[in-house]
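Subject: Structure for you to look through

Dear colleague,

Please find below the sequence and structure that I am handing over to you.

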Amino acid sequence: MGDNELLVDLFESQKLAVLATQSGGQPHNCLVAFAYTTDLKNLLFATRRDTRKFQDISVNPPVSVLIDNRENGEEDFHEAVAVTASGSALEVDEQERVQLKDRYLVKHPYLAQFLEDKGVALVKVEVEEYLVARFDSTEVIKPHR
């Protein structure tokens, strides 16, 4: 299986990811409903602007996003994969929001009303690299910018 195929298969099979931000030198992790762009250069999530995660990325844009397929069973030691995307998060502008909103809603159509709320930002993470980890190995994948 090729690198891009591995990422796409994982991203298609999972709805939630763990977003890691930081403020005041302390890490903060939270769940986000994510989507991705077909070129794998960006991950997307929606959040209210009054949340800690949005405040954190507004001040400190470097983030990581963890997406994994573990099922908390013995087979995870042989089959589970975890991908950590590292990059910078920023709210998309109105023009880009029109394009990326549709991509996000393909994966999460039940969040359409949430995304229409004026207090909700659509955020993209411009991915610098993906770290693919299995129980006993790791590999780095860099999306072409």
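In which sense do strand β1 (residues 16-23) and strand β4 (residues 62-68) pair, and over how many bridges? Strands β1 and β4 pair in the antiparallel sense, over 3 bridges, where strands are DSSP runs (E, at least two residues), as helices are (H or I, at least four), numbered from the N terminus, and two strands pair if DSSP finds at least two bridges between them.

This is a predicted model, in which local features need pLDDT of at least 70 and side-chain atom pairs count only at pLDDT 80 or more, while totals for chains, interfaces and linings use all residues. Residues are numbered from 1 along each chain as its sequence is written, and side-chain values use heavy atoms, with hydrogens and water left out.

β1 and β2 form a hairpin with 2 residues between them, and in its turn glycine 24 has a positive phi of about 60°.

Finally, glutamate 71 lies in the loop between β4 and α3 (76-79), and this residue counts as exposed because its relative accessibility is 61%, exposed meaning over 50% relative accessible area, buried under 20% and partly exposed in between (1.4 Å probe, protein chains only).

Best wishes
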